[in-house]
Amino acid sequence: MLTAEEPQDKERPLREAVRDTLRTRIFEGHYVPGTRLVERDLAAEFNVSRLPVREALRMLRQEGLVSDRGARGAEVSTLSPKDVEDLFDVRQSLEVLACRLAATRATPEDLGALQTLLDEADRCLAKGAVMEAHRANSEFHDAITRIADNGFLKSALEPLQGRMHWLFRHVSDLPELIEEHRALYAAIASGDPDRAAAQSASHIDKYREQFPEDFRRTEPALHRKNT
């Protein structure tokens, strides 16, 4: 049985429920980089066998959120400055393409789904639910990938999404981010692939430049540890 933090969906395998709970804790800062994740302890906490925990950790390794540390077992991954720069490089290549494709393939229903996520981010922010606003913003990017409807692109992005969501969580000015997403939405809704690609590239470049300062604001203790 999982905790109230992540109610179990009876239609979903336990390993996915455990993975999603652990992923959320990483994104929301409950598990900082370097935190050990012990199979036995997690199995006891979730009241499950060790097998779904082992499988959940394996999936998080594939996402790059968890690393093996030999005798220490699994721990939350740490991204170096070069890792972050490399991730932005790959993100720029793949997400710009996703936005270009989405501009030509989005249906009215797709656009409605994007608008719903933007409105959800605004509602969450208005009531002070910061982590929920971050989640809606991450889902906005995931939805664009779905709308792009390119299986190879989706396969290339999936292993990176966990680390990308980790980057998104470090944006310190959420109202500004939501406005950036509204501009990206408008570019996609215009149906002009060049406009959508340019807006996406500008969006990513802006947060690439801001990331060091955002990271200092959102993870001050970790920043001091790594400097």
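In helix α1, the residues A17, V18, R19, D20, T21, L22, R23, R25, I26 and F27 are buried (under 20% relative accessible area with a 1.4 Å probe, protein chains only). That makes 10 of its 14 residues, so α1 is largely enclosed by the rest of the structure. This is a predicted model, where local features need pLDDT of at least 70, side-chain atom pairs count only at pLDDT 80 or more, and totals for chains, interfaces and linings use all residues. Residues are numbered from 1 along each chain as its sequence is written, and side-chain values use heavy atoms, leaving out hydrogens and water.

**Around α1**
- Helices here are DSSP runs of H or I with at least four residues, and strands are E runs of at least two, numbered from the N terminus.
- The buried residues of α1 pack against α2 (39–46), α3 (50–62), β2 (66–68), β3 (74–76) and α7, with contact meaning heavy atoms within 4.5 Å.
- Just after α1 comes G29, which takes a positive phi of about 85°.

**Aromatic rings**
- You'll find 2 aromatic pairs in the structure (Phe, Tyr or Trp rings, using the six-membered ring of Trp, with centres within 6.5 Å; planes under 30 degrees apart are stacked, over 60 edge-to-face, the rest tilted).
- F88 and F211 pair edge-to-face, at 6.1 Å centre to centre and 70° between the planes.
- That pair links distant parts of the chain, as F88 sits in α4 (residues 81–105) and F211 in α9 (residues 193–218), 123 residues apart.
- W166 and F211 have ring centres 6.2 Å apart and planes at 50°, so this pair is tilted.
- F88, W166 and F211 together form one aromatic cluster.

Methods: Buried means under 20% relative accessible area, exposed over 50%, partly exposed in between (1.4 Å probe, protein chains only).
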